[in-house]
Structures are given as structure tokens and as C-alpha cells.
Amino acid sequence: MCTMNQAQQAYDSYCRGRVLYEAGEFRAAIPLFEKSLVLREHFKTLELLGESLLRVERPNDAIEPLSVASDLNPGPRSLVLLAEAFQSLGRSNDARRVLGAALARHPDYGPARAALTQLKA
């Protein structure tokens, strides 16, 4: 359980990380997302951490936060990012599996359909 002060600190770190993320400063955003997660776990922080790790070419490190994010939230975006991580590591079967899971959750999710089509090409 996190205290109100910890929750505020987690949110502040998340917000500062989000500003850097939005500016494309992924490397600078990563430690802020990590600090936020030490204080309070939240699916969006995990998702943005995972995506930031992908953008700085650390796909192996992105797998865990994206997996946890997809467990915490039924939305398909984390799974599409997880598939991207798997694909960049040459793990096409794993990428197909998680894209299938994303489409099972949201059959009309365009990014998952596009990624799966790209994998089949």
C-alpha cells in the first residue's frame, strides 16, 4: 500500500517522464518512469516505460513492463508494443501470439491488424 505522499511522488515522476516521452526524449523519460513504478505500479507507466525502452533499442528490457501492463489493463496497445519487442528480437511466433491476443480482446484494433499483416508479409 502506498501512502498519499508516495502516490503524489509517483504521479509527479510519471508526469515528468510523460513530458519527456511526448518530446521524444525516451532515454531521459526511462528513469522517471522507473522511479514512479518503485513507488506505485500503474499500467500506463509500465506501458510508457516499455515503449520508451523499445524506442532506445532495448526490446529485451521492454518485454517485462509491457507484459505486466497487458496483464493489468485489457486494452490492446501494450500487446501490440510487446509484439514489436518480440519481432525486433526475431521472435516472430511470440509476436503473432500476442497480436492474436490483442485481436481477441479488440477485434477491430487497427494497429494490431496492421502489425499482424506486416508479420505475414
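Mentor: The model is predicted: local features need pLDDT of at least 70, side-chain atom pairs count only at pLDDT 80 or more, and totals for chains, interfaces and linings use all residues. Residues are numbered from 1 along each chain as its sequence is written, and side-chain values use heavy atoms, leaving out hydrogens and water.

Helices here are DSSP runs (H or I, at least four residues), numbered from the N terminus.

Start with Phe33. Leaving aside residues up to four places away in sequence, Phe33 touches Tyr14, Gly17, Arg18, Tyr21, Thr45, Leu48, Leu49 and Ser52. Contact means heavy atoms within 4.5 Å.

Phe33 also takes part in the packing of α2 on α3. The two helices pack at about 150°, their axes 9 Å apart. Axes are lines fitted to C-alpha atoms over the stretch in contact, and angles run from 0 to 180 degrees between N-to-C directions. So α2 is roughly antiparallel to α3 (the term covers angles over 145 degrees). From α2, the contact uses Phe26, Ala29, Ile30, Phe33, Glu34, Ser36 and Leu37. From α3 come Thr45, Leu46, Leu48, Leu49, Ser52, Leu53 and Arg55. By class, that contact has nine nonpolar, three polar and two charged residues. Ala, Val, Leu, Ile, Met, Phe, Trp, Tyr, Cys and Pro count as nonpolar, Asp, Glu, Lys and Arg as charged, and the others, Gly among them, as polar.

Next, Leu82 and Leu99. Both sit in the contact of α5 with α6. These axes come within 8 Å and cross at roughly 170°, which makes α5 roughly antiparallel to α6. Leu79, Val80, Leu82, Ala83, Phe86 and Gln87 of α5 meet a set in α6 that includes Val98, Leu99, Ala101 and Ala102. The contact of α5 with α6 divides into 10 nonpolar, two polar and three charged residues.

Key: Angles under 35 degrees count as roughly parallel, over 145 as roughly antiparallel, 65 to 115 as roughly perpendicular and the rest as oblique.
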